[in-house]
Amino acid sequence: DGDLAAMGARLATLTKAIGEHYEAIIVVDEHGIVKADGLGGATTGIDISGRQYFADAKNGKSSVGTPVKSRNSGNPISVVAVPLYGPGNRFSGALCVVLKIDFLIDIITGTRVGSTGYGFMIDHEGTIIAHPRKELILDLNISKVSGMEGVSKKMLAGESGVASYVFEGIPKLAGFAPVPLTGWSVCLTQDASELLAEAYN
């Protein structure tokens, strides 16, 4: 317990040092149970064994997790996890950095084109993880939206390109590209009527 308390204190110092874009640094055991965090023990005991980033760590791979709502704060986060090894190179858990994705959302949605153009980003399953309309984040999956079948299929396949689609009855044109490290895809979209206005004229 003394060692865990000391670890928690050290993690708290590191969490403050790495800046405001991070929610916490946590250490989990080989079963995926949080043993120490930089939040005064706020997440201790939480079971993350079902998360893909923990499974990746268990298999010796560092990874960036799919964005989810934090169990601690309720805010959108993504977890970067690396495996930890003990004596005999035995897997003993993972070190996880909880990244707030608000700043990432701000970067993506801060990109504007004309009066109708904006950026958005999806995860590897098609769920929106950055969008100017915050109510869509972690709630809307573009692969299930009628009119977006073509563009979502290409984005989920990790392609780069341009495609037309319809969202909420409005024809749009989109340019998109993958984010290889995470399997996500970023898109810049604009209403077709605005983009083609000069050609129409």
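## Briefing: a predicted single-chain model

Buried residues make up 39% of the chain's 201 residues, where buried means under 20% relative accessible area, exposed over 50%, and partly exposed in between (1.4 Å probe, protein chains only). This is a predicted model, so local features need pLDDT of at least 70 and side-chain atom pairs count only at pLDDT 80 or more, while totals for chains, interfaces and linings use all residues. Residues are numbered from 1 along each chain as its sequence is written, and side-chain values use heavy atoms, with hydrogens and water left out.

**The chain overall**

- The chain holds six helices and 12 strands; these are DSSP runs numbered from the N terminus, with helices (H or I) of at least four residues and strands (E) of at least two.
- Take the contacts between residues at least 6 apart in sequence: 41% of them join residues at least 24 apart, with contact meaning heavy atoms within 4.5 Å.

**Strand E1 and its partners**

- Strand E1 covers residues 22–29 and is mostly covered itself, with seven of its eight residues buried.
- On one count, E1 runs antiparallel to strand E6 (residues 91–100), with seven bridges joining them; two strands pair if DSSP finds at least two bridges between them.
- Within that pairing, isoleucine 26 has cysteine 96 of E6 as its bridge partner.
- E1 also runs antiparallel to E2, this time with three bridges, and valine 28 is bridged to valine 34 in E2.
- The E1–E2 hairpin has four residues between the strands, and glycine 32 there takes a positive phi near 85°.

- Aspartate 29 sits in strand E1 and is buried, with a relative accessible area of 12%.
- Leaving out residues up to four places away in sequence, aspartate 29 touches Lys35, Phe54, Ser92 and Gly93.
- Aspartate 37 is in strand E2 and counts as buried at 2% relative accessibility.
- Aspartate 37 and cysteine 96 are 59 residues apart in sequence, yet their C-alpha atoms are 9.3 Å apart in space.

- Beyond four places in sequence, threonine 43 touches Ile26, Val34, Asp37 and Asn72.
- Arginine 71 is 28 residues from threonine 43 along the chain, and 8.2 Å separates their C-alpha atoms.
- Leaving aside neighbours within four places in sequence, serine 63 is in contact with Tyr53, Asp56, Val79, Val80 and Ala81.

**Aromatic rings**

- The count comes to two aromatic pairs, the rule being that rings of Phe, Tyr and Trp (its six-membered ring) pair if their centres lie within 6.5 Å, with planes under 30 degrees apart stacked, over 60 edge-to-face and the rest tilted.
- Tyrosine 85 and phenylalanine 91 have ring centres 6.4 Å apart and planes at 75°, so they make an edge-to-face pair.
- Tyrosine 85 is partly exposed, with a relative accessible area of 41%, whereas phenylalanine 91 counts as buried at 13% relative accessibility.
- Phe54, Tyr85 and Phe91 form one aromatic cluster.

**Cysteines**

- A search of the whole structure turns up zero disulfides, a disulfide being a pair of cysteine sulfur atoms within 2.5 Å.
- Cysteine 96 counts as buried at 0% relative accessibility, and cysteine 187 is buried too, with a relative accessible area of 3%.
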